[in-house]
Amino acid sequence: MREAELIVVGGGPAGLFGALRAAEAGARVLLLEKMRRPGTKLLASGSGRCNFSHAGPVEDFLGHYGKAGRFLKPALLGFTNADLAAFLQSRGLAVLEEEGGKLFPASGRAGDILELLLRELGRLGVELRTDCAVRGAALSGGRFVVEAAGGPWEAPALLLATGGLSYPGTGSSGDGYALAAAFGHAIAQTAPCLAPVAVEGWAFAACAGIALRGAPLELRRGEGGKLAARGRGDVLFTHRGLSGPGILDLSRSILPGDELRVRLASGEGDPDELLLAELGAHGKRGLKSCVQALGLPERLAQALLAGLGIEPSTPAALLGREARKRVSAALAGFPFRVASLGGYGEAMATRGGVALEEVDPKSMGSRLVSGLYFAGELLDIDGDTGGYNIQAACSTGALAGSHAAAR
Ligand SMILES: Cc1cc2nc3c(=O)[nH]c(=O)nc-3n(C[C@H](O)[C@H](O)[C@H](O)COP(=O)(O)OP(=O)(O)OC[C@H]3O[C@@H](n4cnc5c(N)ncnc54)[C@H](O)[C@@H]3O)c2cc1C
């Protein structure tokens, strides 16, 4: 049997930071990773650029994780966004803050962050075993015995950081839920989140690729169209429906059958007044160009008018009041009916996971089994787009690693 002082399962950002922090504190750490190399999802993150965190006061982060914000507070305050950026910068990585506050490596390469972390692991003497899927773990005589290739492996502390269920090709295929459940931990129901939306009777396939910036969004539910959630953000038209950060963030509240209203007109003014002014000023123009003047790209103006049964080349002056009202209502909040949400193959995160009530937020330690720790997306945590998920993984990993080492 091979021994270590801490075994970390999973080499994503949570496991990597857990291993680093524990090794910095002097623990002999073994990191077991199922894939041929660690950090596969990290490499894919931010379209390969890795939006690793967000700028601004760390207190602002707490509102980006729904109910889990409170649980995350000690971890986020213990290893903040500024700490993460400083950690990377002090090891030679230049950091870029994009408009809106997203943080990236200035090189635009997620691989630079992964290389840096792996260099640190090597420097601190962490033993990394890849192609090494953990199949089971149990307590025996107060020590954890972990079943994996080359093992069994044994240690007085165990950190589970196996991620969620999204993008299973990256290695995160939900193994950690069974490992945690075997120690008696409850698993909050999992579901894909940060997922694109497929729309019923999608009539905008010709608009695929069009993006609306900072569009106000409303989610309405049930017979009376009761307001279920509001949002604002960039919206991307796809071949099947809607995506983009605004939709992905709202997807945490969206259910099939909901009506998703998207303001198509840019700016803040009343679309009916704006359209009326446009029609009055340019009566000889085709209606499509008046609609474009409210900030719609040509393809979207065309599809919108065609969908409303109005000929796009109709001279503006000939548009009747009733038709104008229909156009302006659509510009103010076009009602898309949600057919379905993208599955785990498309979702950027997983809702649900190891129930937070059974984990101590001050250490990430299990309240049921002494010496057992959790970090990252395996927990019932999901954040908005914008770097909040990787930051949560790093912060919970760092907290778990330092406490596990203290044992
Ligand atoms: C396409 C995409 C883009 C994203 N972009 C961003 C972004 O720009 N910014 C952001 O903040 N978030 C982003 N996310 C989310 C973010 O990547 C995750 O929330 C984050 O990686 C979670 O970190 P983690 O360490 O908890 O889990 P993961 O990164 O999923 O790592 C878990 C690791 O555990 C390993 N593992 C699993 N089971 C076992 C086992 N049985 N034995 C051994 N090892 C195992 C896996 O192989 C994997 O390497 C993105 C997600 C996706 C899918």
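Predicted model: local features only at pLDDT ≥ 70, side-chain atom pairs only at ≥ 80, totals over all residues.
Colleague: Which domains are assigned?
Modeller: Domain 1 is 2-192 + 346-406, and domain 2 is 197-341. The bounds come from an automatic or database domain assignment. Taken over C-alpha atoms, the centres of the two domains are 40 Å apart.

Colleague: How many residues are in contact between them?
Modeller: Seven residues of domain 1 are in contact with five of domain 2; contact means that the C-beta atoms, placed from the backbone, lie within 7 Å. On the domain 1 side, two of the residues are nonpolar, two polar and three charged. In that scheme Ala, Val, Leu, Ile, Met, Phe, Trp, Tyr, Cys and Pro are nonpolar, Asp, Glu, Lys and Arg are charged, and the others, Gly among them, are polar.

Colleague: Switching to the ligand. Which residues are closest?
Modeller: G10, G12, G163, G171 and G376, out of 40 residues that surround the ligand. A residue is counted as near if its C-beta atom, placed from the backbone, lies within 6 Å. The elements giving two or more residues to this shell are α1 (13-24), α2 (40-44) and α12 (388-406).

Colleague: What is the class make-up of that shell?
Modeller: 19 nonpolar, 16 polar and five charged residues.

Colleague: Now α8. Which of its residues are buried?
Modeller: In α8 (residues 271-281), P271, L274, L275 and L279 are buried. Buried means 20 or more other C-beta atoms within 10 Å of the residue's own, exposed means 12 or fewer, and partly exposed is in between, with C-beta atoms placed from the backbone.

Colleague: Why do they line one face?
Modeller: Seen down the axis of α8, the buried residues fall within an arc of 130°, so they line one face of the helix. The arc is that of the directions from the helix axis to the C-beta atoms. On the other side of α8, E273, G280 and A281 are exposed.

Colleague: What covers the buried residues of α8?
Modeller: The cover includes α9 and α11. Those two helices, α9 (287-292) and α11 (321-332), are also among what covers the buried residues of α10.

Colleague: Which residues are buried in α10, then?
Modeller: L300, A301, A303, L304 and L305, in a helix of residues 298-307. Just after α10, G309 has a positive phi of about 75°.

Colleague: Last topic, strands. How do β14 and β15 pair?
Modeller: β14 (residues 211-221) and β15 (residues 226-237) are antiparallel over nine bridges; strands pair if DSSP finds at least two bridges between them. A211 has L236 of β15 as its bridge partner. Their hairpin has four residues between the strands, and G222 there takes a positive phi near 80°.

Colleague: What about β15 and β16?
Modeller: β15 and β16 (residues 241-243) are antiparallel over two bridges. L236 is bridged to S243 in β16, and this hairpin has three residues between the strands.

Technical notes:
Residues numbered from 1 in each chain as written.
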